[in-house]
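Here is a short report on how two chains meet and on what sits around a ligand. Have the structure open while you read.

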Amino acid sequence: MLEVKEISVAYGVIEALKGISFTVREGEIVALIGANGAGKTTTLRTVSGLLRPRKGQIFYQGQEITRLSPHQIVAMGLTHVPEGRRVFARMTVMENLEMGAYTCRSRAEFKANLERVFQRFPRLAERKNQLAGTLSGGEQQMLAIGRALMSRPRMLLLDEPSMGLAPLLVREVFSIIKEINEAGTTILLVEQNARMALSIAHRAYVLQTGEIILEGPAAELMERPEVRKAYLGE
Amino acid sequence: MLIQQFINGLTLGATYALIALGYTMVYGIIQLINFAHGDIYMIGAFIGVAVAGLVSNNFFLTLGAAMIGCVALGVTIERVAYRPLRRSSRLNLLITTIGVSIFLETFMVLLKGPQATGFPPILKTTTWRLGGLELSSIQLIILLVSLVLMAGLQLIVKYTKIGKAMRAASEDYDTASLMGININRVISFTFAIGSALAAAGGVLVGIYFNSVSPYMGVMAGLKAFVAAVLGGIGNIPGAMIGGLLLGLFEVFGVAAGFSTYKDAIAFALLIVILLVRPTGLLGRPIQRKV
Ligand SMILES: Nc1ncnc2c1ncn2[C@@H]1O[C@H](COP(=O)(O)OP(=O)(O)O)[C@@H](O)[C@H]1O
Ligand SMILES: [Mg+2]
């Protein structure tokens with residue numbers, strides 16, 4: 001579904017990605033794990049069109065998207081939930097969801113999407129008229145995911161959805177991600193919390209200073225001593 | 001005459017507010033001070049003069065034509081001069097706006113000469129007197145038109161899809177684009193609205209002072225910029241309040257005997273704000289920029 005081929009991305013002279021390749025197949029959850037600064041966010045921002053790679057190509061559903069703008073990529077059904085939630089703090093929960101549905105064509109489609117999101121996140125329905133900036137961290141993460149679902153994506157890019165959340169909420173977020181996947185959405189999940197990410201992912205890639213150093217089925221990677229040592233804290 | 005000064009101050013301030021809105025909306029989204037904005041106001045006044053000459057006595061047609069003309073101009077300037085530089089440094093862009101400003105002024109000087117011209121009499125002036133108070137029909141129209149335009153702007157920003165996209169983009173440009181919002185379209189829209197309001201300001205001021213000149217946008221633009229900073233740059237209600245306050249300050253300053261320093265009042269105010277409250281009255285703490 002998503003195929004990334006040899007992309008290199010640099011910020012000025014700093015090379016953040018050094019020709020990485022990976023694929024995500026339809027229906028999968030693929031985890032991209034790595035330490036802080038490894039290049040995970042850069043990878044997602046490049047896929048969603050916020051950054052342009054120096055080299056390499058990106059294909060989504062067989063179509064090249066390397067040089068498309070973010071809004072064109074969203075319209076194709078590939079939606080990115082950015083790191084740190086990035087809800088529109090001065091807009092209401094409802095307005096945030098409306099922004100998420102920006103590519104929606106009809107009122108009916110919007111209503112149906114809204115209903116599904118409210119079903120999954122009842123808290124958002126309760127707080128729909130509240131400013132997003134006044135929500136708790138966990139609620140903001142729910143809003144960020146709910147907002148992305150409003151575009152009815154076929155594939156989601158999630159950047160550290162567990163960041164800064166209490167352990168109980170982390171569990172909840174991961175189980176929601178799993179549900180969203182089971183309902184038919186392909187997921188590329190970026191995480192520093194490797195244990196949780198590997199526990200729900202089908203396959204995973206390990207990124208280290210801009211290079212992919214390991215890949216394989218998540219369960220296998222979990223057993224690899226180098227992964228256990230570097231990312232699972234053993 | 002306190003109340004009289006108050007009316008005069010509000011009238012002047014309303015025109016500053018109309019111009020200030022364009023500065024603040026553009027800044028809110030792309031963090032750019034568009035120094036050519038005052039010249040859009042000037043061009044709006046000139047279009048007004050030209051159209052008023054053709055369709056005598058039709059104020060609304062004149063106003064509408066100036067607004068539409070400036071929408072086209074503002075959007076074109078952004079498209080041709082600013083957009084190609086979006087990814088270059090802030091300073092390059094700032095200098096470009098100054099270049100565009102000089103271009104527009106020089107263009108009008110070549111076309112019309114540097115001297116001021118009067119505005120064709122498209123509004124008949126009546127002055128109402130009540131006690132010691134005077135209110136001219138022109139003042140009333142300035143206040144009403146400004147009020148309607150600003151209310152309209154608030155409605156657009158609050159309730160329409162593109163208005164909400166504007167707010168989203170001014171909060172977080174990248175994340176807005178991840179929602180599927182075409183940021184270029186939002187920026188064009190912002191320039192369109194800002195230019196339309198400035199054009200309205202130009203026509204109103206042209207009629208009020210019966211004078212239109214190629215350099216009228218310089219001082220008005222700078223003052224409106226001060227008004228935007230006073231209210232909190234990037235903040236729409238802030239620009240409205242900043243404009244009105246600046247108008248009041250000026251009129252009361254003159255009434256208090258500082259008429260020689262009329263134009264300096266705005267800049268003294270700017271210095272005070274920057275020292276006391278750099279984010280302006282309604283401004284938020286320095287924006288997170290990633
Ligand atoms: N805007 C930027 N400008 C310069 N360097 C950056 C920028 N963003 C990230 N980097 C650098 O690129 C590398 C990868 O960063 P990032 O993709 O954010 O990593 P991760 O998400 O894995 O923590 C880091 O070395 C980081 O310092
Ligand atoms: Mg990151």
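Between chain A and chain B, eight residue pairs are in polar contact, counting pairs where both residues have pLDDT 80 or more. That cut-off is there because this is a predicted model. Salt bridges across the two chains come to four. One to look at is Arg86(A) with Asp172(B), where the closest N and O atoms are 2.6 Å apart.

As for size, an interface is often described by the accessible area lost when the parts come together. Here, chain A and chain B bury about 2200 Å² between them, and carbon and sulfur atoms give 56% of that. On the chain A side, a trio stands out: Arg86(A), Arg90(A) and Tyr102(A) supply 34% of the area that chain A buries against chain B, more than any other three residues.

Now over to the ligand. The residues around ligand 1 include Tyr11(A), Ala16(A) and Ala35(A), plus a run from Asn36(A) through Gly37(A), Ala38(A), Gly39(A), Lys40(A) and Thr41(A) to Thr42(A). Helix H1 (residues 40-47) of chain A gives the largest share of this shell, three residues. By class, the shell has four nonpolar, five polar and one charged residues.

| Residue | Part of the residue | Distance to an oxygen atom of ligand 1 |
|---|---|---|
| Gly39(A) | polar backbone atom | 3.0 Å |
| Thr41(A) | polar side-chain atom | 2.7 Å |
| Thr42(A) | N or O atom in the side chain | 2.4 Å |

How much of ligand 1 does the protein cover? On its own, ligand 1 has 550 Å² of accessible area, and the protein covers 62% of it.

Conventions
Residues numbered from 1 in each chain as written. Chains lettered and ligands numbered in written order. Predicted model: local features only at pLDDT ≥ 70, side-chain atom pairs only at ≥ 80, totals over all residues. Heavy atoms only, no water. Near = heavy atom within 4 Å. Polar contact = N/O pair within 3.5 Å; in protein donor to acceptor, adjacent residues only side chain to side chain. Areas by Shrake-Rupley, 256 points an atom, 1.4 Å probe, with all protein chains shown as cover. Helix = DSSP H or I, 4+ residues; strand = E, 2+ residues; numbered from the N terminus. Nonpolar A, V, L, I, M, F, W, Y, C, P; charged D, E, K, R; others polar. Buried area = accessible area lost by both parts, 1.4 Å probe. Salt bridge = Lys/Arg side-chain N within 4 Å of Asp/Glu carboxyl O.
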